[in-house]
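Subject: Structure for your files

Hello,

Here is the structure I said I would pass on. My notes follow below it.

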Amino acid sequence: MTSLEKIIHLAYQSKYECTNDKSRAFTDFDFSKIETLGQGTKHDMCTLSSSPRIANRSEILQDVDRPINFHSFTTTGCSVLLFKTLFTNYCTHDCKYCQNSTEYNGHKKIYSYTPEELAKVTISLYKRNYIDGLFLSSGINSDENTTTEKMIETIKILKERYNFSGYIHFKVLPGVSYEYIKQASEIVDRLSINIETPNNNYLSELSSTKNYMKDILKRQNFIKKLEFKKKLPYGQTTQLVIGACGESDFEIFNRVIREYKEMMLKRVYYSAFNPIQGTPLEKTSEQPMWREHRLYQLDWLYRIYDFSEKEIKIAFNEDGFLNNKDPKLQIALNTLDSGIDPNEASYEELIRVPGIGPKSAYRIINFRKRNNIFKREQLLKLGVRIKSASPFLKINGAEYIKIDNWIESNS
Ligand code: SF4
């Protein structure tokens, strides 16, 4: 049984016995809505579809294709399993890439939960320890405020009636009023609104109904202000669709930097464009997963390794695109002329060496307080990926291989 089938099965099992409430909210419930509304969140990311440690496409797809249960990595680094769903798959917007858009309405059956139904499906799964939390997104039925009101009502039923204490990631709908964002911020763990593209010009190519400044950036600013006042435990995130309208990686990255600096985002997620049959972009080329993966790597260099914008720009080609090569290696090849001595290098110098991450850099610094590093095998034990790091290291004056020779032998 797939995880989706298990979920439907479990929800069905709990038809008359979920929680202590015997009101039979599942009478006449159409269980196919669980599947359809779960599939509707397929392209909404709340975790890495690829990480610097996952380069293998099959592993990436395993994660991306799981529409319901999804691991999300919170800021504390712990992993939670979420029930990902839309509240409704009807939408008044016309985003050309989206299977929930008005453009696609003729191709799909429209489903919506009632707050009571969704709360019951969620609590059934939660009480059986099948999920740790809920990722609640939605299309827009009638208008953004009415739909958000129902989404909030779902969370209130879950928390107040069923004492749900799991994690909640709540999608803010474009254009929704400040008052509803405020209400949501008081009862959920994380809020997000998708920016989708690097700027308004690109967004207007994809949607004639959404306004970048008014419907999205202004809402992000509301969330930022609310976060300052009453800390959302896991802050604010966003997502971009990669490659639906010809935008370059450089344009994407410039926007991402502004998002981190100006909106104080915790995370940005990237979703490689994948055309959906029946949508206006069905003939647009699918974007390779490696593009998404390389953007995650750059994001990582900026957020975790603290690389400067100037350094990161080295990774782009003259057209502003990334190659399918490790950006950290590209930057090292352009900035390091000779090997770095791990006995003397600072933390900042160490983490610029391919194969050395923050953890191994700290281990090297602690280790050398007591011991001299005199051979590469010692670094291996400290977590360094020796094959990647060797061309950039000089241990006690000795280079294992000169960078120029290494480039030659690898070109
Ligand atoms: S607003 Fe969201 S759900 Fe609606 S069409 Fe656009 S991307 Fe899809």
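The accessible surface of the chain is about 18,700 Å², and carbon and sulfur atoms account for 48% of that. Please keep in mind that this is a predicted model. The chain has 411 residues, of which 55% are buried. Its secondary structure consists of 17 helices and nine strands. Of the contacts between residues at least 6 apart in sequence, 68% link residues at least 24 apart.

The ligand

The ligand is located in the largest cavity. Around the ligand are C91, H93, C95, Y97, C98, N100, S101, G139 and K210. By type, this shell comprises four nonpolar residues, four polar ones and one charged one.

Two buried residues

F29 belongs to the loop that runs between α1 (3-13) and α2 (32-39). Is F29 buried or exposed? Its relative accessibility is 7%, under the 20% cut-off, so F29 counts as buried. Beyond residues up to four places away in sequence, F29 touches I34, Y113, E117 and V121.

T148 is part of helix α5, which covers residues 144-161. With a relative accessibility of 3%, T148 is also under the 20% cut-off and therefore counts as buried. Which residues does T148 contact, leaving aside its neighbours within four places in sequence? They are F170, L173, V176 and Y180.

Most residues other than glycine have a negative phi. S142 and E196 are worth a look with that in mind. S142 has a phi near 65°, a positive value, and is not a glycine. E196 is likewise not a glycine, and its phi is positive at about 70°.

Both sit in loops: S142 in the one between β3 (133-137) and α5, E196 in the one between β5 (190-192) and α7 (200-206). Their accessibility is on opposite sides of the cut-offs. S142 has a relative accessibility of 51%, and because this is over 50% the residue counts as exposed. E196 comes to 8%, which is under 20%, so E196 counts as buried.

A glycine in a loop towards the end of my list

G383 is in the loop between α15 (376-381) and α16 (386-389). How exposed is G383? Its relative accessible area is 40%, between the 20% and 50% limits, so G383 is partly exposed. Apart from neighbours within four places in sequence, G383 is in contact with G355, S360 and R363.

If you open the model, the ligand in the largest cavity is one place to begin. The loop residues F29, S142, E196 and G383 can then be looked up in turn, along with T148 in helix α5.

Regards

Technical notes:
Residues numbered from 1 in each chain as written. Predicted model: local features only at pLDDT ≥ 70, side-chain atom pairs only at ≥ 80, totals over all residues. Heavy atoms only, no water. Helix = DSSP H or I, 4+ residues; strand = E, 2+ residues; numbered from the N terminus. Buried < 20%, exposed > 50% of the residue type's maximum accessible area, 1.4 Å probe, protein only. Contact = heavy atoms within 4.5 Å. Areas by Shrake-Rupley, 256 points an atom, 1.4 Å probe, with all protein chains shown as cover. Near = heavy atom within 4 Å. 1 Å grid on protein atoms, 1.4 Å probe; cavity = no way out; pocket = protein on both sides within 12 Å on 5 of 7 lines; lining within 4 Å. Sits in = over half its atoms within 2 Å of the grid points. Nonpolar A, V, L, I, M, F, W, Y, C, P; charged D, E, K, R; others polar.
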